[in-house]
Amino acid sequence: MNNKINILHLYYDLMNLYGESGNIKAIEYYLTQQNIKTNIIQRSINDNIELGNIDLIYIGCATETNQLIALNHLKQYKEEIKDYIENNKFIIATGNSFELFGKTIHNNDKKIEGLNIFNYETIKTDQRVVNEGLFKTSLIKENIIGFQNHNNKIETDNPILLPVKIKGTSIKCDGYNYKNFYGTYTIGPLLVRNPKLLTYLSNKLIKEKYKDKKLKKVDLKLDELAYKEFINNYYK
């Protein structure tokens, strides 16, 4: 394995509320099958963050309290993160972590200033969403499945997901996508439950760094079976 992908698992201790580190394990498995070594770097609020050799930043979901702790730490790296995104580097932010990158966050009934890297705001809703959802996306032709637990929403022209079926909510869009920034409220973990999305993002990650790398088909038959069985049992 001469090729290597460096993944920064940011706030691994504070923002892993629903075992979202499973997304990293899914990517690591996929990269290994492509004969690519995965170097996972864990950093939190007591660490210095260096992005120079990082190919992918992953941030998971957190409590409202831990979300603010992470935000206050991350503010000092705002300009580095902006440059990182503009240079087509990857960020995957699941749960409420993607709220950090917008203009404002509604946190414990308070309106908090975010990193203001993107021009979206989170808006508090009257009804909390706690349910499984089925979504469509422009990234792949297959629908996305996943769990959501939040009482905020965003309004944006660049959503990553559009709801197809989800009970108890009137949200019209979910998450945000710009270049290789992918943020969504959807958890589950997202990439474990959606093998086609895992394949799409992993292949794009590889090609961004190793354009001449020949990719092979990774056997995700069990993952795909679980995906199909869930849709058949839950939505049909």
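Colleague: On what basis are residues and atoms included?

Modeller: The model is predicted, so local features need pLDDT of at least 70 and side-chain atom pairs count only at pLDDT 80 or more, while totals for chains, interfaces and linings use all residues. Residues are numbered from 1 along each chain as its sequence is written, and side-chain values use heavy atoms, with hydrogens and water left out.

Colleague: Why is E132 called buried?

Modeller: Buried means under 20% relative accessible area, exposed over 50%, and partly exposed in between, with a 1.4 Å probe and protein chains only. The relative accessible area of E132 is 15%, so this residue is buried. E132 lies in strand β7, residues 122-136; strands (E, at least two residues) and helices (H or I, at least four) are DSSP runs numbered from the N terminus.

Colleague: What makes the pairing of E132 with R193 a polar contact?

Modeller: A polar contact is a pair of N or O atoms within 3.5 Å; within protein, one must be able to donate a hydrogen and the other to accept it, and residues adjacent in sequence count only if both atoms are side-chain atoms. The side chains of E132 and R193 make such a contact at 3.1 Å. With contact meaning heavy atoms within 4.5 Å, and neighbours within four places in sequence left aside, E132 also touches residues including G146, F147, F230 and Y235.

Colleague: How do you know that the charge of R193 sits over the ring of F230?

Modeller: The criterion is NZ of Lys or CZ of Arg within 6 Å of the ring centre and within 35 degrees of the ring normal. The charged end of R193 is 4.6 Å from the centre of the F230 ring and sits over it.

Colleague: Why is the pair F98 and Y185 called edge-to-face?

Modeller: Rings of Phe, Tyr and Trp (its six-membered ring) pair if their centres lie within 6.5 Å; planes under 30 degrees apart count as stacked, over 60 as edge-to-face and the rest as tilted. The F98 and Y185 rings have centres 4.7 Å apart and planes at 80°, so the pair is edge-to-face. F98 lies in the loop between β4 and β5 and Y185 in the loop between β11 and α4, so the pair ties together parts that are 87 residues apart in sequence. Both residues are buried, and both belong to an aromatic cluster whose members include F101, F118 and F181. F230 and Y235 give another edge-to-face pair, because their centres are 6.1 Å apart and their planes are at 70°.

Colleague: What makes the buried residues of α3 line one face of the helix?

Modeller: In α3, I81, Y84 and I85 are buried. The arc is that of the directions from the helix axis to the C-beta atoms; the buried residues fall within 95°, so they line one face. Their cover includes β3, α2, β4, β10 and β11.

Colleague: Which residues touch the most other members of the largest nonpolar core?

Modeller: A nonpolar core is a set of buried Ala, Val, Leu, Ile, Met, Phe, Trp, Tyr and Cys residues joined through side-chain atoms within 4.5 Å. The largest holds 33 residues, of which Y11, I57, I81, F101 and F181 touch the most other members. Elements that each supply at least two of its residues include β1, β3 and α3. Another core, of 30 residues, lies apart from it and includes I7, F135, I206 and V218.
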